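Subject: Structure handover

Dear colleague,

Here is the structure for your files. My notes on it follow below.

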Amino acid sequence: MKLELYYKAECPFCQKVLNYMMDNCQIKDVQLVDIKEGNNNEDLIKRGGKDQVPCLFIDGKALYESDDIIKYFKENF
């Protein structure tokens with residue numbers, strides 16, 4: 001399973017997800033992608049259809065909303 005989390009450091013919803021991951025998950029299992037680096041923001045829009053973070057790609061399928069992402073981690077890790 002490939003997990004990629006698109007985030008922006010100053011986003012409070014992203015920080016909520018990142019903090020949950022650090023406290024409860026194996027963060028090494030998730031590729032972190034900062035949308036402020038390179039073309040990552042364009043990639044996020046192209047892949048997920050939205051300019052919204054946090055966004056967790058699970059095997060290429062986008063999951064938005066911090067609470068939904070945390071729920072996914074609670075159920076799967």
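Some ground rules. This is a predicted model, in which local features need pLDDT of at least 70 and side-chain atom pairs count only at pLDDT 80 or more, while totals for chains, interfaces and linings use all residues. Residues are numbered from 1 along each chain as its sequence is written, and side-chain values use heavy atoms, with hydrogens and water left out.

Overall fold

The protein has three helices and four strands, in the order β-α-β-α-β-β-α from the N terminus on. Helices (H or I, at least four residues) and strands (E, at least two) are DSSP runs, numbered from the N terminus. For 77 residues a compact globule would have a radius of gyration near 11 Å, and the protein agrees with that at 11 Å. That radius is taken over C-alpha atoms, and the globule rule is 2.2 Å times the number of residues to the power 0.38. The C-alpha trace spans about 30 × 25 × 20 Å along its principal axes.

Of the 77 residues, 39% are buried. Buried means under 20% relative accessible area, exposed over 50%, and partly exposed in between (1.4 Å probe, protein chains only). Among contacts (heavy atoms within 4.5 Å) between residues at least 6 apart in sequence, 60% join residues at least 24 apart.

As for charge, the mean positions of the 11 positive and 14 negative charges lie 3 Å apart. Lys and Arg count as positive and Asp and Glu as negative, with His and the chain ends not counted; the place of a charge is NZ of Lys, CZ of Arg, CG of Asp or CD of Glu.

Strand β1

Strand β1 (residues 3-7) is mostly covered, with five of its five residues buried. Leu3, Leu5 and Tyr7 are on one side, Glu4 and Tyr6 on the other, and both faces are covered. Two strands pair if DSSP finds at least two bridges between them. β1 runs parallel to β2 (residues 30-34), joined to it by five bridges; glutamate 4 has glutamine 31 of β2 as its bridge partner. With β3 (residues 55-58), β1 pairs in the antiparallel sense over four bridges, and there leucine 3 stands opposite isoleucine 58.

Backbone points to check

Most residues other than glycine have a negative phi, and most peptide bonds are trans.

- Valine 53 and proline 54 are joined by a cis peptide bond, with omega about 0°. Proline 54 sits in the loop between α2 (40-48) and β3.
- Aspartate 59, in the loop between β3 and β4 (61-64), has a positive phi near 50°. Its relative accessible area is 52%, so aspartate 59 is exposed.
- Glutamate 65, in the loop between β4 and α3, has a positive phi of about 75°. Glutamate 65 counts as partly exposed because its relative accessibility is 43%.

Serine 66

Serine 66 belongs to helix α3 (residues 66-76) and counts as buried because its relative accessibility is 6%. Leaving aside neighbours within four places in sequence, serine 66 is in contact with Phe13, Lys16, Val17 and Pro54. Pro54 is the proline of the cis bond listed above.

Regards
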